[in-house]
Amino acid sequence: MDGYYWDSKIDYLSRTRWLYYNDDYLNFLLSNVWKITSPVRIIDFGCGYGYLGTKLMPLLPEGSTYTGVDAGARLIEHAKEIFQQAPFKTEFILSDIQEMDFNQQYDIVVCHAFLLHVENPKEILQKMTDCLVDRGRIICFETHWISSMASYYLDGFYPSDVVQLGFLRSYLKEIHNDVGKMVT
């Protein structure tokens, strides 16, 4: 796995992850939507350095465990450092998820911005399903940066002037020009 692209992006990932998660909203999801009240075993597909685990694990019931899988050796080593003193059980696996077989042992599979980077998301979703116990859950945080960027506006600057953001951005820019404010 030498030359793994994301291994060279740890600094970028560290600087941008905070943009994606609101602690209050995650707590709301865990308590009121997913209604997790007993310990769970989580596996994080494409975990990177485990940022999603750093957000979810403190909110979960005591006894919950976290397993992260990623193809990036530097990412996994960084994750091990971050979780070294964690008050919960962790495991990090350096492997290409595409080549792994999974046993039914997890209550929850999570991923963040992972499925949009694989060529075969249906097969990966099947692998996610394969590692779940009965009544387990798959939770995907698949933000799409183009749709996120589409609503950005800085005085006099449109991101679409630099990045092609497609129909949504053009539509929102048109609304802005008509009504004088950005609609999000």
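User: Is Lys35 buried or exposed?
Analyst: Lys35 counts as exposed, because its relative accessibility is 55%, where exposed means over 50% relative accessible area, buried under 20% and partly exposed in between, with a 1.4 Å probe and protein chains only. This is a predicted model, in which local features need pLDDT of at least 70 and side-chain atom pairs count only at pLDDT 80 or more, while totals for chains, interfaces and linings use all residues. Residues are numbered from 1 along each chain as its sequence is written, and side-chain values use heavy atoms, with hydrogens and water left out.

User: Where does Lys35 sit?
Analyst: Lys35 lies in the loop between helix H2 (23-33) and S1, where helices (H or I, at least four residues) and strands (E, at least two) are DSSP runs numbered from the N terminus.

User: And what is its phi?
Analyst: Phi of Lys35 is near 50°, a positive value in a residue other than glycine. Most residues other than glycine have a negative phi. Ala113 likewise has a positive phi of about 50° although it is not a glycine, and Ala113 belongs to the loop between S4 and H5.

User: Stepping back, how many helices and strands are in the chain?
Analyst: The chain has seven helices and five strands, and from the N terminus on its elements follow the order α-α-β-α-β-α-β-β-α-β-α-α. Buried residues make up 42% of the 184 residues.

User: What order do the strands of the sheet take?
Analyst: The five strands form an open sheet in the order S3-S2-S1-S4-S5, with parallel pairing; two strands pair if DSSP finds at least two bridges between them. Strand S3 (89-94) and strand S5 (132-141) stand at the edges with a single partner strand each, so one side of each has no neighbour in the sheet. Neighbouring strands are turned by 20° against each other on average, direction ignored, the axes being lines fitted to C-alpha atoms, for helices over the stretch in contact, with angles from 0 to 180 degrees between N-to-C directions.

User: How many bridges join S2 to S3?
Analyst: Six bridges join S2 (residues 65-70) to S3, and Thr67 has Glu91 of S3 as its bridge partner. On the S1 side, S1 and S2 pair in the parallel sense over five bridges, with Ile43 opposite Thr67 in S2.

User: What about S4, how many bridges does it share with S1?
Analyst: S1 and S4 pair in the parallel sense over four bridges, and Phe45 stands opposite Cys111 in S4. S4 is joined to S5 by six bridges, also parallel, and there Val110 stands opposite Ile139 in S5.

User: Why is S4 described as largely enclosed?
Analyst: Seven of the seven residues of S4 are buried, so S4 is largely enclosed by the rest of the structure. S2 is mostly covered too, with six of its six residues buried: Thr65, Thr67 and Val69 point one way, while Tyr66, Gly68 and Asp70 point the other way. In a regular strand the side chains alternate between the two faces of the sheet.

User: Which strands does H5 lie across?
Analyst: Helix H5 (residues 121-130) lies across strand S1 (41-45), strand S4 (106-112) and S5, and H5 runs at about 140° to S5; contact means heavy atoms within 4.5 Å.

User: New topic: how many cavities of 30 Å³ or more does a search find?
Analyst: The whole structure has one cavity of 30 Å³ or more, a cavity being a set of points on a 1 Å grid over the protein atoms alone where a 1.4 Å probe fits but cannot get out. About 40 Å³ of space lies in the largest cavity, a volume being the space filled by probe spheres set on points joined across faces, edges and corners.

User: Which residues line the largest cavity?
Analyst: Its lining, meaning residues with an atom within 4 Å of a point, consists of Leu30, Trp34, Ile36, Ile42, Leu56, Leu60, Ile108, Val110 and Ile139. These divide into nine nonpolar, no polar and no charged, with Ala, Val, Leu, Ile, Met, Phe, Trp, Tyr, Cys and Pro counted as nonpolar, Asp, Glu, Lys and Arg as charged, and the others, Gly among them, as polar.

User: Last one: where is Tyr49 found?
Analyst: Tyr49 is in the loop between S1 and helix H3 (51-56), and Tyr49 is buried, with a relative accessible area of 7%. Tyr49 and Lys80 are 31 residues apart in sequence and 7.9 Å apart in space, C-alpha to C-alpha.

Terms used:
1 Å grid on protein atoms, 1.4 Å probe; cavity = no way out; pocket = protein on both sides within 12 Å on 5 of 7 lines; lining within 4 Å.
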